[in-house]
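Here's a quick briefing for anyone meeting this structure for the first time. Have a look at the model, then read on.

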Amino acid sequence: MFKYDKRQQVFEFGKIKIGGQPGEYPTVCFGTMFYGRHKIVEDEDKGIFDKKAAEELWNTQLEMSDVTGVPGMNQIVGETPEAIKNYIDWFVEIDEETAFLIDSSAADVRVAAAAYCDEIGVSDRAIYNSINASASAEEIEGLKNSKIDSSIVLAFNATDPTVKGKMDVLETGAGLVEKGLLKIAEECGITRPIVDVAAMPLGVGAGASIRSVITVKASLGLPAGGGFHNTASAWDWMKKFKKQYREAYPPTDIGTNLIAQILGADFLLYGPIENARLVFPAVAMVDIMLAENAQELGLKVLEEEHPINKLI
């Protein structure tokens, strides 16, 4: 609950803006679809899925965004080039404006998705996920050859999970790559870089991940956020405890997002889109707190549909 001396960049994705001083714009929430073992997927290799169920999930997130004023985007995950192309086709058919992440555990799938976005003319809506320290020369070349100008830049440092380690991999490469990831992103034509601070498990850098949100914004002025729910899902003690007390898990899952948000995270990869009704009201509540403090610090709420204007 503060404002930065560093000028904060704001990137536009249609009607949605990511970045700025805490409280100026509502926090952007990405719901994930077609993730591993997602029950709506019938064949993850071919990208065959229950389209009716998928549309219901997406419409629920749209509904929650409309009700709360918290903007939402889609995180589309695919296991093969064929699958992710099918998912993208479905999404751009039912939604003509919302931006989306193209994501996969396989680099060739991400590159294929980027090329496909060029082919069908939706590169301006696509956000590559991600440029990271393990990216191969082939992947970097594939991204360079695409028209995509936005990417998640993942501040994951396998040898140093501290705040310094994360900043080093962004700015210098930290000895893991020849140059900083932000420089690589620039060379790939990325003009809208969004920093994922790489949420870590409890005990091995979770605190540094949260603190990195402040450092990235204060030092670089770039939008920062991440998949903070991964901290909760990786908690071994909770994995055992929730088998007996299932109600214990959702507060930790949602809470990890809110901790980062209160420290200024601009976006949250909140996990399965099924959680939209749990996540959006909680994020709206924190957005209202941030907006109140922004006004006390001489800032203005710059989004008409901000939760403070809709829910108060």
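Strand E1 (residues 10–13) has a covered face, made of Phe-11 and Phe-13, and an uncovered one with Val-10 and Glu-12. Before going further, note that this is a predicted model, where local features need pLDDT of at least 70, side-chain atom pairs count only at pLDDT 80 or more, and totals for chains, interfaces and linings use all residues. Residues are numbered from 1 along each chain as its sequence is written, and side-chain values use heavy atoms, with hydrogens and water left out. Helices (H or I, at least four residues) and strands (E, at least two) are DSSP runs, numbered from the N terminus.

- E1 and E2 pair up in the antiparallel sense over 4 bridges (strands pair if DSSP finds at least two bridges between them).
- Across the pairing, Glu-12 sits opposite Lys-17 in E2.
- The hairpin of E1 and E2 has 2 residues between the strands, and Gly-14 there takes a positive phi near 65°.

**Helix H4 and its two sides**

- In H4 (residues 137–144), the buried residues are Glu-139, Ile-140, Gly-142 and Leu-143; buried means under 20% relative accessible area, exposed over 50%, and partly exposed in between (1.4 Å probe, protein chains only).
- They end up on the same side of H4 because they cover an arc of only 160° around the axis, going by the directions from the helix axis to the C-beta atoms.
- An α-helix has 3.6 residues a turn, so residues three or four places apart point the same way.

- The largest pocket has a volume of about 970 Å³.
- That largest pocket is lined by 34 residues, and the closest to its centre are His-229, Asn-230, Ser-233, Gly-271 and Pro-272.
- Two or more residues of this lining come from each of strand E6 (72–77), E8, helix H8 (229–233), helix H10 (249–262) and strand E12 (267–272).
- A pocket here is an open set of points on a 1 Å grid over the protein atoms alone, with protein on both sides within 12 Å along at least five of seven lines; a cavity is a set where a 1.4 Å probe fits but cannot get out, and lining residues have an atom within 4 Å of a point.
- The second largest pocket comes in at about 510 Å³.
- Its lining has 23 residues, with Lys-15, Ile-16, Ser-65, Pro-71 and Gly-72 nearest the centre.
- E2 and helix H1 (51–68) are the elements giving two or more residues to the lining of the second largest pocket, and H1 gives the most, with 5 residues.

**The cavity**

- There is 1 cavity of 30 Å³ or more.
- About 90 Å³ of space lies in the largest cavity.
- Among the 15 residues lining the largest cavity, Tyr-25, Thr-27, Gly-264, Ala-265 and Asp-266 lie nearest its centre.
- E2 gives the most to this lining, with 3 residues.

**Out in a loop**

- Glu-247 is found in the loop between helix H9 (236–244) and H10.
- Glu-247 counts as exposed because its relative accessibility is 59%.
- From Glu-247 to Ile-94, the separation is 153 residues in sequence and 34 Å in space, C-alpha to C-alpha.

Terms used. Grid points are joined across faces, edges and corners, and a volume is the space filled by probe spheres set on the points.
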